[in-house]
Amino acid sequence: MVQLYGDERIDFLLAKENMRIIQSSSVFAFSLDAVLLADFTYVPKTRGKILDLCTGNGVIPLFLSTRSSVPITGVEIQERLYDMALRSIELNDLGEQLEVIQGDLKEMPAYYGNRKFDLVTCNPPYFPTPQTDKQNLNEHVAIARHEIHCTLEEVIQSCSKLTKSGGKVSMVHRPERMVEIIELFRKYKLEPKRMRLVYPKEGKEANILLIEGVRDGKSGLKILPPLYALTQNDEYTKELREILYE
């Protein structure tokens with residue numbers, strides 16, 4: 001049995017009742033964004049390899065392992081989250097398929113050199129770094145939310161360098177940065193191919209952006225139908241229930 005520290009707990013990975021994950025209210029617990037990215041992204045099933053940047057406690061590699069048998073590597077800069085991811089992999093006996101590296105995503109292109117990935121996923125910090133006195137006092141939360149260790153451009157540049165020609169990059173972010181993301185994708189030879197906006201409910205503004213680009217791809221962007229999280233009665237919609245629990 002793996003050891004837990006502080007306020008850590010073991011949760012089921014939503015509907016994946018045979019999979020569990022180590023979480024912490026004060027350090028890191030995965031959000032809907034990670035679940036939606038794992039559901040949205042293309043996944044090579046039996047050939048290739050996957051890299052997940054900003055992996056946190058390893059939630060996206062764990063989700064993707066249920067859809068693919070290829071090797072999956074997570075990269076996390078924070079030592080505490082890296083350790084949580086390691087123990088979650090051990091907890092699920094997935095050490096032969098999954099691994100996690102503690103490191104800075106900006107250094108990964110040099111670390112891997114000419115070794116490229118078929119798919120790179122990323123749930124990066126969403127917000128430019130505010131003044132120190134306005135940052136979250138919880139260091140782990142501040143690093144996860146704000147561009148303290150990496151800017152959006154640095155994230156996309158690293159994703160591009162790590163992806164083979166014809167490979168895919170999938171990212172979850174905020175709609176207000178969509179134009180910036182598309183411009184940076186194209187700057188770094190990632191052609192936007194699929195995009196989906198997620199809305200809290202009908203009549204509200206979108207609050208989640210899912211986007212996929214192809215390295216050296218041809219132009220042609222598909223806008224997928226909107227995904228609504230809640231009904232007007234504040235219950236999960238049928239589609240979101242299927243994503244979360246089926």
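How close do the axes of helix α6 and helix α7 come, and at what angle do they cross? Keep the question for the third stop.

**Before you start**

The model is predicted, with residues numbered from 1 along each chain as its sequence is written, and local features need pLDDT of at least 70. Side-chain atom pairs count only at pLDDT 80 or more, while totals for chains, interfaces and linings use all residues, and side-chain values use heavy atoms, with hydrogens and water left out. Helices (H or I, at least four residues) and strands (E, at least two) are DSSP runs, numbered from the N terminus.

**Stop 1**

Select residues 8-13, which are strand β1, and residues 16-24, which are strand β2. The two strands pair in the antiparallel sense over six bridges; strands pair if DSSP finds at least two bridges between them. Now pick E8 and look across to S24 in β2, which stands opposite. R9 faces Q23 of β2 in the same way: the two stand opposite each other. In a regular strand the side chains alternate between the two faces of the sheet.

Move to the turn, where two residues lie between the strands. Most residues other than glycine have a negative phi.

**Stop 2: the largest core**

Select L13, F30, L36 and V59 next. These residues have the most contacts inside the largest nonpolar core, which has 42 residues. A nonpolar core is a set of buried Ala, Val, Leu, Ile, Met, Phe, Trp, Tyr and Cys residues joined through side-chain atoms within 4.5 Å. Buried means under 20% relative accessible area, exposed over 50%, and partly exposed in between (1.4 Å probe, protein chains only).

The elements that each supply at least two residues of this core include β2, α1 (32-40), α2 (59-65) and α3 (79-91). The largest share, six residues, comes from α1.

Which residues does F30 touch, leaving aside those up to four places away in sequence? They are L13, L14, I21, Q23, V35, V59 and F63. Contact here means heavy atoms within 4.5 Å.

The axes of α1 and α8 come within 10 Å and cross at roughly 85°, which makes α1 roughly perpendicular to α8. Axes are lines fitted to C-alpha atoms, for helices over the stretch in contact, and angles run from 0 to 180 degrees between N-to-C directions. Angles under 35 degrees count as roughly parallel, over 145 as roughly antiparallel, 65 to 115 as roughly perpendicular and the rest as oblique. Where the two helices meet, L32, V35, L36 and D39 are on the α1 side, and L240, I243 and L244 are on the α8 side.

**Stop 3: α6 and α7**

Select residues 152-162 for α6 and residues 178-187 for α7. To answer the opening question, their axes come within 9 Å and cross at roughly 40°. The two helices are therefore oblique to each other. Show L152, E153 and I156 in α6, then E180, I181, L184, F185 and K187 in α7, to see the residues that meet.

**Stop 4: P109**

Go to P109 in helix α4 (residues 108-112). Is P109 buried or exposed? At 15% relative accessibility, P109 counts as buried. P109 and L162 are 53 residues apart in sequence, but 5.7 Å apart in space from C-alpha to C-alpha. Not counting residues up to four places away in sequence, P109 touches S158, K161 and L162.

**Stop 5: four loop residues**

T55 is in the loop between β3 (50-53) and α2. T55 is buried, with a relative accessible area of 3%. Beyond four places in sequence, T55 touches P61, G74, V75, E76 and V100.

G48 sits in the loop between α1 and β3, and at 33% relative accessibility G48 counts as partly exposed.

Finish with two aspartates. D216, in the loop between β9 and β10 (222-223), has a positive phi of about 60° although it is not a glycine. D216 counts as partly exposed, at 41% relative accessibility. D234, in the loop between β11 (227-228) and α8, has a positive phi of about 65°. D234 is exposed, with a relative accessible area of 51%.
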